[in-house]
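Have the structure open while you go through them.

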Amino acid sequence: MKSTKSRLFSADGRLSDLITAHPSLLTLLTRLGISLGFGDRSIADVCEASGVDTSFFLLICNVYTFNNYIPSTPTILDTDMNGLVPYLEKSHKYYVDKRLPHIERHLDAIAQKLGGRIGKVFISFFQQYKQEVEEHFSHEERDVFPHIRALMSGERDTSYSIGMFLHTHSDIEGKLDDLLNIVFKYLPPQVDDDNVMDVVYDILRLREDLKKHTFIEEKIMVPLVCHLESAMKS
Amino acid sequence: MKKRVLIVEPSEVITEGLKSILEDQIRFKVLDPVADVDKLAERIIASRPDILLINPTMVDNVMQLPGKQEMTVVALVYQYVSRDALKNYDAIVDICDSRATIIETLAQATADESSAAHSNYELTKRETAVLVELAQGKTNKEIADSLNVSVHTVISHRKNITHKTGIKSVAGLTVYAMLNNLLDESAII
């Protein structure tokens with residue numbers, strides 16, 4: 001695992017170099033509370049100026065970039081995790097307010113072209129998915145995040161436990177694969193236009209993003225909460 | 001028709017790895033592997049494989065194998081083998097190849113007609129019948145009763161449908177069925 005570690009990002013590097021090497025990290029900046037216009041400043045400087053914990057910022061960037069990287073529990077416990085829940089909430093907002101409506105606009109246009117009953121079934125497949133994702137997120141916002149906030153502020157919170165979360169945490173990327181297959185393999189050639197190409201890229205991007213999001217919840221948030229819960233008990 | 005694959009390889013680790021890659025695929029059926037060269041000729045005659053996936057160091061002359069003309073002989077390479085020794089093979093699989101490459105190599109080597117590769121992915125009549133009933137919101141049990149087959153068979157058809165189309169959810173399969181004009185519009189709930 002040493003080789004992975006040496007490739008991970010460090011705080012002294014320029015933020016602009018990080019983004020140049022991995023442009024997909026751009027979409028993370030807003031969610032992490034960093035605005036563009038950071039010039040040539042180092043990651044540490046930009047984070048400090050934006051009130052973002054540097055180690056937390058790096059942790060998220062590393063997870064997004066290196067597929068095999070799973071942070072160890074000591075790494076997670078050493079990192080200031082106050083930014084975690086706000087980050088997850090902003091991510092939910094980003095998916096629900098930006099990405100999904102964007103995809104829906106393209107699919108709407110495709111459904112119009114398909115017309116009739118087929119068009120309706122096609123768009124309702126997506127609307128159903130969107131609703132499932134929204135319910136998934138609102139469950140986390142209603143039950144899980146307040147629990148984490150309480151534990152982090154040192155309150156003893158027994159109303160919920162992270163074991164319940166693991167039990168019910170469902171996969172939200174699966175149906176995107178279905179959608180992807182339908183759109184690029186099975187739509188009739190008559191509806192093929194820019195919308196189809198655009199939406200394929202959008203779905204692929206969202207799928208990758210959601211995979212990382214799930215990863216962060218399962219490999220960072222869950223171990224953190226398990227630790228906090230057992231620390232409370234003792 | 002599934003292609004029957006006979007693996008001839010002394011290493012159990014490699015045999016098992018190949019088995020797990022190929023058995024994942026509905027188009028291949030992996031026969032009991034052969035690790036012992038002395039039994040090779042006998043096994044080929046008895047099991048009549050479509051594909052012989054063989055470590056070239058195990059045979060002196062591949063042309064002398066029984067039934068050489070009736071089967072596709074693929075070399076399984078993981079060490080240096082001279083070019084000359086490989087010239088009588090129909091294809092070459094390197095064990096460092098990715099899963100997808102290995103499958104593709106075997107599929108291409110056995111594609112006798114140009115249409116064969118496509119038809120593998122088309123749904124069979126039975127699968128189409130299952131799909132149509134699924135799209136109408138029926139349960140596995142209801143489908144089994146209506147088609148007069150076991151629930152187990154329905155599940156196996158569903159697996160094949162998903163494998164071929166890449167679509168898992170019933171809602172997604174309904175859209176697929178409609179796009180392929182498999183449903184009478186009034187039949188959809």
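1. A bit of housekeeping. This is a predicted model, in which local features need pLDDT of at least 70 and side-chain atom pairs count only at pLDDT 80 or more, while totals for chains, interfaces and linings use all residues. Residues are numbered from 1 along each chain as its sequence is written, and chains are lettered from A and ligands numbered from 1 in the order in which they are written.

2. On confidence, pLDDT is the predictor's own score for each residue, from 0 to 100. Chain A averages 90, and 97% of its residues score at least 70. Where pLDDT is low, the predicted coordinates should not be read in detail. A contact here means two residues whose C-beta atoms, placed from the backbone, lie within 7 Å.

3. Now the secondary structure, where helices (H or I, at least four residues) and strands (E, at least two) are DSSP runs numbered from the N terminus. Chain A has eleven helices and zero strands. Chain B has nine helices and five strands, and from the N terminus its elements run β-α-β-α-β-β-α-β-α-α-α-α-α-α.

4. The contact pattern is worth a glance too. Among contacts with a separation of 6 or more, residues 24 or more positions apart account for 72% in chain A and for 52% in chain B.

5. What is the strand order of the sheet in chain B? The five strands form an open sheet in the order 2-1-3-4-5, with parallel pairing; two strands pair if DSSP finds at least two bridges between them. Strand 2 (28-30) and strand 5 (91-94) of chain B are at the edges with a single partner strand each, so one side of each has no neighbour in the sheet. On average, neighbouring strands are turned by 30 degrees against each other, direction ignored. For angles, axes are lines fitted to C-alpha atoms, for helices over the stretch in contact, and values run from 0 to 180 degrees between N-to-C directions.

6. Zooming in on that sheet, strand 1 (residues 3-8) and strand 3 (residues 51-54) of chain B pair in the parallel sense over four bridges. Val8(B) has Ile54(B), in strand 3 of chain B, as its bridge partner. Helix 1 (residues 12-23) of chain B packs on the sheet, where it touches strand 1, strand 2 and strand 3 of chain B, and its direction makes about 150 degrees with that of strand 2.

7. At the interface, 15 residues of chain B are in contact with 15 residues of chain A. Helix 9 (residues 170-179) of chain B gives the most to the chain B side, with seven residues. That side of chain B divides into seven nonpolar, six polar and two charged residues. (Ala, Val, Leu, Ile, Met, Phe, Trp, Tyr, Cys and Pro count as nonpolar, Asp, Glu, Lys and Arg as charged, and the others, Gly among them, as polar.)

8. A nonpolar core is a set of buried Ala, Val, Leu, Ile, Met, Phe, Trp, Tyr and Cys residues joined through C-beta atoms within 7 Å. The largest has 34 residues, and Leu179(A), Leu131(B), Leu173(B) and Val175(B) have the most contacts inside it. Elements giving two or more residues to this core include helix 10 (174-186) and helix 11 (194-233) of chain A, and helix 6 (125-135) and helix 9 of chain B. Another core, of 29 residues, lies apart from it, with Leu15(A), Leu18(A), Leu32(A) and Leu151(A) among its members.

9. Finally, one residue to check: Ile148(A), in helix 8 (residues 116-152) of chain A. Ile148(A) counts as buried because it has 22 C-beta neighbours inside 10 Å. Leaving aside neighbours within four places in sequence, Ile148(A) is in contact with Val85(A) and Val225(A).

Methods:
A residue is buried if 20 or more other C-beta atoms lie within 10 Å of its own, exposed if 12 or fewer, and partly exposed in between; C-beta atoms are placed from the backbone.
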